[in-house]
Amino acid sequence: MSRLKRVYAGDEIISETYSDITWKRLRRMRNSDLKRTDILLVVDRPLSNETREALLTFRQELRDLPTNYPGENANEAYDNYPVKPEVE
């Protein structure tokens with residue numbers, strides 16, 4: 001994910017801007033990712049221990065976003081948004 005937006009004229013970059021992210025938008029993204037990974041952690045789903053641990057870590061990092069980036073730092077939180085692990 002990137003807040004950087006580039007405008008091209010052919011192969012040439014003619015402008016670069018960064019968009020601002022709100023906590024509301026970031027919260028929606030986070031909640032969506034938490035919902036999508038809920039089903040992956042059901043007890044009877046066959047996952048390796050490594051994959052299960054990676055998913056649990058990812059979910060914890062999502063829940064920690066507001067704590068790790070307090071105040072008006074939604075942009076910084078977005079720039080450091082956790083990467084969802086590959087699921088088998």
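Where is the place of Val 83? Val 83 sits in the segment after helix H3, and H3 covers residues 74–79. Keep in mind throughout that this is a predicted model.

**Stop 1: the segment after H3**

Select Val 83 and show its side chain. Val 83 counts as exposed because its relative accessibility is 71%, and the cut-off for exposed is over 50%. Val 83 and Glu 61 are 22 residues apart along the chain, and their C-alpha atoms are separated by 9.5 Å.

Next, select Pro 85, which is also found in the segment after H3. Is Pro 85 buried or exposed? Pro 85 is buried, with a relative accessible area of 17%; the cut-off for buried is under 20%. To see what surrounds Pro 85, show Ala 54, Leu 55 and Phe 58, the residues in contact with Pro 85 once neighbours within four places in sequence are left aside.

**Stop 2**

Colour helix H1 (residues 23–38) and helix H2 (residues 49–68). Their axes come within 10 Å and cross at roughly 160 degrees. H1 and H2 are therefore roughly antiparallel to each other, and their crossing is left-handed. Show the side chains that make the contact. On H1, select Trp 23, Leu 26, Arg 30, Asp 33, Leu 34, Thr 37 and Asp 38. On H2, select Leu 55, Phe 58, Arg 59, Leu 62, Arg 63, Leu 65 and Pro 66. Colouring these residues by class gives 8 nonpolar, 1 polar and 5 charged.

Two of the H2 residues in this contact, Leu 55 and Phe 58, were on screen at the previous stop as contacts of Pro 85.

**Stop 3**

Move to Ile 21, in the loop between strand S2 (12–18) and H1. Ile 21 is buried, with a relative accessible area of 6%. Which residues is Ile 21 in contact with, leaving aside its neighbours within four places in sequence? They are Arg 3, Leu 26, Ala 74, Asn 75 and Tyr 78. Draw the C-alpha to C-alpha distance from Ile 21 to Asn 75: the two are 54 residues apart in sequence and 5.3 Å apart in space.

**Stop 4: the loop between H2 and H3**

Select Asn 73, which lies in the loop between H2 and H3. Asn 73 is partly exposed, at a relative accessible area of 32%. Asn 73 and Ser 48 are 25 residues apart in sequence and 35 Å apart in space.

**Stop 5: the whole chain**

Zoom out and colour by secondary structure. The protein has 3 helices and 2 strands, running β-β-α-α-α from the N terminus on. The radius of gyration is 16 Å, well over the 12 Å that the globule rule gives for 88 residues, so the protein is more spread out than a compact globule. Along the principal axes, the C-alpha atoms fill a box of roughly 50 × 35 × 20 Å. Colour by accessibility to finish: buried residues make up 30% of the 88 residues. Among contacts with a separation of 6 or more, 57% are between residues 24 or more positions apart.

Definitions and conventions: Residues are numbered from 1 along each chain as its sequence is written. This is a predicted model: local features need pLDDT of at least 70, side-chain atom pairs count only at pLDDT 80 or more; totals for chains, interfaces and linings use all residues. Side-chain values use heavy atoms; hydrogens and water are left out. Axes are lines fitted to C-alpha atoms, for helices over the stretch in contact, and angles run from 0 to 180 degrees between N-to-C directions. Helices (H or I, at least four residues) and strands (E, at least two) are DSSP runs, numbered from the N terminus. Angles under 35 degrees count as roughly parallel, over 145 as roughly antiparallel, 65 to 115 as roughly perpendicular and the rest as oblique. A crossing is left-handed if the near helix is turned anticlockwise from the far one by less than a right angle, and right-handed if clockwise. Contact means heavy atoms within 4.5 Å. Ala, Val, Leu, Ile, Met, Phe, Trp, Tyr, Cys and Pro count as nonpolar, Asp, Glu, Lys and Arg as charged, and the others, Gly among them, as polar. The radius of gyration is taken over C-alpha atoms; the globule rule is 2.2 Å times the number of residues to the power 0.38. Buried means under 20% relative accessible area, exposed over 50%, partly exposed in between (1.4 Å probe, protein chains only).
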